[in-house]
Amino acid sequence: MSALGSVAALLACPECGGALHPPDDQRALRCSAGHSFDIARQGYVGLLTGASTKMTGDTADMLDARAAFQGAGHFGPIAEAVARALGSFSPDSAVLEIGAGTGYYLASVIDASPDSVGVALDVAKPAARRAARVHPRVASVLADAWRGLPLRDSSVEGVLCVFAPRNAAEVARVLAPGGRFVVVTPTERHLGELIEPLDMVRVDPDKDRRLAEQLAGTFSRVGHEVVEYSMPLSPDAVGQVVAMGPSAFHRSTDDPRIAALPAITPVTASVDVSTYVANG
């Protein structure tokens, strides 16, 4: 059975909220009311409905750069911390990643839990295409989390959100009782050695306060870990850092300052990994 076939029972029709199921031809997901959603030839299902979303998501070039950087293992300690924070799962459980991008973090979690399945959700088609092939037990869904998560109530045991926006009320709805919500945000020290020399976008100093305000009343924090270490980066890897994040929207990655860097530049990775459970 395909990854989408394995998670279809967890998905909800974005039109009516009814359960989705795959027909015999495996080319679409349908609900009992007759709403149908095609499965793209790249393997993801599109559950975006209505007017065009205002969320743009990442471009194909940004995702290519991120996949290359992640594939080199530079963010491996962060992926390990996410898996630790989510903990163990019951057999046949499901994990959702919101703003999944390449699906790197979700694939790491699923690898550590052999009986579980994953749902990678992103608003960008290039991300949905890439996530569809990141892991045989990860299903890729194209959807806008701010319009509502296309999953049934209490359907997943874990939700992760790494460097991405989050819809707290919807996360609480889809989490099973006792499920964990893991949020990863950069600290002000993250990539600090590159921000000023390369005019990169800075981390908002109020990010922690705004996250706490957004989740207050809906979630309680039950765990927190700061993951901080030095990454020895080549000029090519530094170029990937610039190209894979928000700085790519504001400036060219063809920057002579990158080529002029030494063979190895020590760059700090620094993130907060926070674990929450829903109140009540």
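1. The crossing of helices α2 and α9 is left-handed, a term used where the near helix is turned anticlockwise from the far one by less than a right angle. The contact is made by M62, A65, R66, A68 and F69 of α2 together with A237, Q240, V241, A243 and M244 of α9, contact meaning heavy atoms within 4.5 Å. These residues divide into eight nonpolar, one polar and one charged, where Ala, Val, Leu, Ile, Met, Phe, Trp, Tyr, Cys and Pro count as nonpolar, Asp, Glu, Lys and Arg as charged, and the others, Gly among them, as polar.

2. This is a predicted model, in which local features need pLDDT of at least 70 and side-chain atom pairs count only at pLDDT 80 or more, while totals for chains, interfaces and linings use all residues. Residues are numbered from 1 along each chain as its sequence is written, and side-chain values use heavy atoms, with hydrogens and water left out.

3. The axes of α2 (residues 60–71) and α9 (residues 235–244) come within 8 Å and cross at roughly 135°; the axes are lines fitted to C-alpha atoms over the stretch in contact, with angles from 0 to 180 degrees between N-to-C directions. Helices here are DSSP runs of H or I with at least four residues, and strands are runs of E with at least two, numbered from the N terminus.

4. In the largest nonpolar core, which has 44 residues, F75 and M231 touch the most other members; such a core is a set of buried Ala, Val, Leu, Ile, Met, Phe, Trp, Tyr and Cys residues joined through side-chain atoms within 4.5 Å. Leaving aside residues up to four places away in sequence, M231 touches F69, H74, F75, L191, T265, P266, V267, T268 and A269. Another core, of 39 residues, lies apart from the largest one and includes V7, L11, L151 and C161.

5. V109 belongs to helix α4 (residues 104–111) and counts as buried because its relative accessibility is 2%, the cut-offs being under 20% relative accessible area for buried, over 50% for exposed and partly exposed in between, with a 1.4 Å probe and protein chains only. Not counting residues up to four places away in sequence, V109 touches V82, A83, L86, F89 and V95.

6. F163, in the loop between β8 (156–162) and α6 (168–174), has a positive phi near 55° and is partly exposed, with a relative accessible area of 37%. D199, in the loop between α7 (192–195) and α8 (207–215), likewise has a positive phi near 55°. Most residues other than glycine have a negative phi.
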